[in-house]
Amino acid sequence: MYLSNFDEVKFPMKNKNHSSLVIIDDDVDLLDLLSAFFRQRGYKVSTFEDARLALDEIESKKLIVDAVISDLKLPVMSGLDFIKRIRTFNSVLPIILMTAEGSLEIAVEAIEAGAYDFVLKPLHVPQLLISVQRALHLNSIQAENANLKNLFNEQDFLGLKGIIGKSAGFKKAMELARRVSSSQASIIIFGESGSGKEVVAKAVHELGERKSGPFVAINCSAIPENLLESELFGYAKGAFTGAVGNKLGLFEEANKGTLFLDEIGDLALPLQAKLLRVLQERKIKRIGENQYREITARVICATHKDLKKEVEKGNFREDLYFRLNVIPIYMPPLRERKEDIIPLSEYFLKKFSLLNNANIKGFTKNAIKRLESLAWKGNVRELENAIERAVVLSNSEFVDVDDLPDLEVESLETKNLGEPKSNALFSINTIMSLEDMNKKYIEFIFKKNGFAKEQTAKELGIDRKTLYRKLKEPETSEVLLQ
Amino acid sequence: MILAKDTKLKYLNRRIDEIEQLKNYCLLIPENINNLELFASIEMIGHKLKGNGSTFGYPELTQLGLAIEGAAKKLDLEKLRELNLKFEERVRNYLRLLNDI
């Protein structure tokens, strides 16, 4: 049976590709065959019988190419020489060599010279197609990687890459991080979950003398107590059932570097005692061992909890609190550093556009207003997730309000009344009368419902007339009556 | 991979041209002092045939290509003449079969 085209049953042409291929072979039959095969699959194909001509076109950038398929044995310039010349100005272009000489030595030589793959003749064209697809995939990953690196390097704060923020609160935290980076003093970073405590810790690490050492981070609340101990201190072979070999603890892994203990406020009391000893003596003992080992890692702790209160409640050791609280750094929540929302959003937009191959250029004015008006209870982490979602869902070149998550309840206006962490309506730092609290609650529900009286009355379980009366009371906020 | 009839016809007709070239080289070799160049040209024809025969659905031609390349390297003119006859016979047979369809 002969088909007018290549066998569609065996090689379906779904997912047509629009990449550019250069095929070099002095065998005109193969050149025609491969050219037709790849063109039918959507590839843009340029063919050459002479590698020098292909080289000139690529080097002069007359030809933008995503991958090259070249024969090894060519009359004027061999496939190997072609690769060597290409590599002098382009280190990433995938080149697949074809040859009828099936020796291992030649294959090794080709790969060493920079070939992506080596395909034997007689060609099995589908195999070649797979090789090309893989090469192009690798190429796209490399390009993406390079773009992300560029994006990361664009950001610069205190000489550090990828640190974004221009608010006074952020700058204050980072400036303090810079000043303490060269000292040996204990640092504890306070801030809500997702506010960027690890960014501060990394800044201290990067700006200090330990930057060439490792930065090891662990979230103390994420690991059960018994596992956390072995994670931190390591263990000796046979220390307990399942300890089949020696294991380095994170204190040792972070030697000459920094160990970042996040959510230290969630550390169990027995481990707090052990941590205090380590900080004081600068020595650790692996579980199941008697030998002490010196540690050189700098320990930076962080928590979203009010440790002073935890001490009062008996949940946190006072001596450890004083040991840690030498230099406290406070990273404000995102709602208190509104100026950072847009630079961060733009950064995440670029990052996720690159990762998702989405051509999204920015935000609409309304989307910007919306981003600035939200409370971001989950802070930068929540903002990042929201932007990722928007990039994935957006149908246009600009992210609009509809692409952003529905976080109305958490708008800043609402948050001004409330304590974000506890999701309460407002902080009870001052005692207020039941009547005042009643009014505040009505205000809260009224704003939450976008000043819709009917819905507010329904939610409060009162009739509309009662709501009107309550709203007209002189103490009720004037804003509500506008 | 199933190829179009036209593609195969084109391929085989190009082989007929090569067969004529090979015949010509075989005639020239005894009279030519620089016959190493002629052997090299034959070797190249064999090399290409080795590389493309199976791809176009003719594994026998790949085998013949391998033999032609080897005989050219050994400067074995008699063997080359013999192989070229086989080459011609096979190609004409394939063409006949194709045209009968």
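Predicted model: local features only at pLDDT ≥ 70, side-chain atom pairs only at ≥ 80, totals over all residues.
Figure 1. Residues are numbered from 1 along each chain as its sequence is written, chains are lettered from A and ligands numbered from 1 in the order in which they are written, and side-chain values use heavy atoms, with hydrogens and water left out. Strand E8 (residues 187-190) of chain A runs parallel to E16(A) (residues 327-330), to which four bridges join it. Four bridges likewise join E8(A) to E15(A) (residues 298-303), again in parallel. Strands (E, at least two residues) and helices (H or I, at least four) are DSSP runs, numbered from the N terminus; two strands pair if DSSP finds at least two bridges between them. From E8(A), A:Ile187 and A:Ile189 point one way, A:Ile188 and A:Phe190 point the other way, and all are buried. Buried denotes under 20% relative accessible area (1.4 Å probe, protein chains only).

**Figure 2. The open five-stranded sheet of chain A.** The strand order is E2-E1-E3-E4-E5, and the pairing is parallel. Strand E2 (44-48) and strand E5 (117-120) form the edges, each pairing on one side only. On average, neighbouring strands are turned by 20 degrees against each other, direction ignored. Strands of a sheet pair through backbone hydrogen bonds, either parallel or antiparallel. Between strand E4 (residues 95-99) of chain A and E5(A), the parallel pairing extends over four bridges; A:Phe118 in E5(A) is the bridge partner of A:Leu97.

**Figure 3. Strand E3 of chain A and its surroundings.** Five of the five residues of E3(A) are buried, so that the strand is mostly covered. A:Ala67, A:Ile69 and A:Asp71 point one way from E3(A), while A:Val68 and A:Ser70 point the other way. E3(A) pairs with E1(A) in the parallel sense over four bridges, and four bridges also join E3(A) to E4(A), which run parallel. A:Ser70 is the bridge partner of A:Ile24 and stands opposite A:Leu97 in E4(A). Helix H3 (residues 79-86) of chain A lies across strand E1 (20-24), strand E3 (67-71) and E4 of chain A, running at about 170 degrees to E4(A). Angles run from 0 to 180 degrees between N-to-C directions, and axes are lines fitted to C-alpha atoms, for helices over the stretch in contact.

**Figure 4. The packing of helices H18 and H19 of chain A.** Helix H18 (residues 453-460) and helix H19 (residues 464-472) pack at an angle of about 105 degrees, with their axes 9 Å apart. The two helices are therefore roughly perpendicular to each other, a term that covers angles of 65 to 115 degrees. In H18(A), A:Lys453, A:Glu454, A:Thr456, A:Ala457 and A:Leu460 meet A:Arg464, A:Leu467, A:Tyr468 and A:Leu471 in H19(A), where contact means heavy atoms within 4.5 Å. By class, this contact has five nonpolar, one polar and three charged residues. Ala, Val, Leu, Ile, Met, Phe, Trp, Tyr, Cys and Pro count as nonpolar, Asp, Glu, Lys and Arg as charged, and the others, Gly among them, as polar.

**Figure 5. The helices of chain B.** Chain B has four helices and zero strands, in the pattern α-α-α-α along the sequence. Of its 101 residues, 47% count as buried.

Note on methods:
Buried < 20%, exposed > 50% of the residue type's maximum accessible area, 1.4 Å probe, protein only. Parallel < 35°, antiparallel > 145°, perpendicular 65-115°, else oblique.
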